[in-house]
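Please examine the sequence together with the three-dimensional structure shown below. The paragraphs that follow lead through its elements, its core and a loop.

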Amino acid sequence: MFAPKKYPLQETANNMDNCIFCRIVAGRSPSYKVYEDDNFLGILDIYPRVKGHSLVFPKKHYRWVYDVPNFGKYWEAVLKLTKAMRKAMSPSFVTYVTHGLQVPHAHIHVLPRTEGDTSFVPEAKSFPKEEMTEIAEKIYKEVIA
Ligand SMILES: [Zn+2]
């Protein structure tokens, strides 16, 4: 169901040099930003399962979602992104997945879904860079609106 791992498994990764999400937070790796506040960042998954498939993670490195101290605030950030996504893309519904085995930095998958898509996690897809940029900009515009 899940694609082969794209990043090396780094169970012990705990600094920005060997964690892709820490590098993105530090501005050292590119990303398609869809959400940002003081503590959390949201980006498009570069291996999307649906158009607009996003990841929300804490700016500070934690291994698992349940390790994040301000857990309630974390889900509030996800909710804000969800509301922006619904305005920007009008999905039929939005689903969340917390898996965490491919990148060892806590992250919540946010998937805007279409009517009739009842798969637990849809198959991986690919969208052109321009389309990714356009989707990210549309969503982020609603976040800051
Ligand atoms: Zn990290």
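Which residues of helix 3 are buried? They are Ile-135, Ala-136, Ile-139, Tyr-140 and Val-143. A residue counts as buried if 20 or more other C-beta atoms lie within 10 Å of its own, as exposed if 12 or fewer do, and as partly exposed in between, with C-beta atoms placed from the backbone. Seen down the axis of helix 3, these buried residues fall within an arc of 125°, so they line one face of the helix; the arc is that of the directions from the helix axis to the C-beta atoms. An α-helix has 3.6 residues a turn, so residues three or four places apart point the same way. The face of helix 3 turned away from its buried side carries the exposed residues Glu-130 and Glu-131.

The model is a predicted one, in which local features need pLDDT of at least 70 and side-chain atom pairs count only at pLDDT 80 or more, while totals for chains, interfaces and linings use all residues. Residues are numbered from 1 along each chain as its sequence is written.

The protein has three helices and five strands, which from the N terminus on run α-β-β-β-α-β-β-α. Helices (H or I, at least four residues) and strands (E, at least two) are DSSP runs, numbered from the N terminus. Of the 145 residues in the protein, 34% are buried. Among contacts with a separation of 6 or more, 59% join residues 24 or more positions apart; two residues are in contact if their C-beta atoms, placed from the backbone, lie within 7 Å.

Helix 3 (residues 129–143) has 15 residues and spans 21 Å from its first C-alpha to its last, close to the 21 Å expected at 1.5 Å a residue. The expected span is 1.5 Å times one less than the number of residues in the helix. The cover over the buried residues of helix 3 includes strand 1 (33–36), strand 2 (40–44) and helix 2 (71–89).

Helix 2 has 19 residues and reaches 27 Å between its first and last C-alpha, close to the expected 27 Å. Its buried residues are Tyr-74, Ala-77, Val-78, Leu-81, Thr-82, Ala-84, Met-85 and Ala-88. These pack against strand 1, strand 2, strand 3, strand 4 (93–97), strand 5 and helix 3. After helix 2 comes Ser-90, whose phi is positive, near 45°.

The largest nonpolar core has 36 residues, of which Phe-21, Val-34, Tyr-35, Val-56, Leu-81, Val-110 and Ile-139 touch the most other members. Such a core is a set of buried Ala, Val, Leu, Ile, Met, Phe, Trp, Tyr and Cys residues joined through C-beta atoms within 7 Å. Two or more residues come from each of helix 1 (20–25), strand 1, strand 2, strand 3 (54–58), helix 2, strand 5 (108–113) and helix 3. Helix 2 gives the most, with seven residues. Not counting residues up to four places away in sequence, the contacts of Val-34 include Leu-81, Ala-136 and Ile-139.

The loop between strand 3 and helix 2 holds Asp-67 and Pro-69. Asp-67 counts as exposed because it has 11 C-beta neighbours inside 10 Å. Leaving aside neighbours within four places in sequence, Asp-67 is in contact with Tyr-62 and Ala-106. Pro-69 is exposed, with 10 other C-beta atoms within 10 Å.
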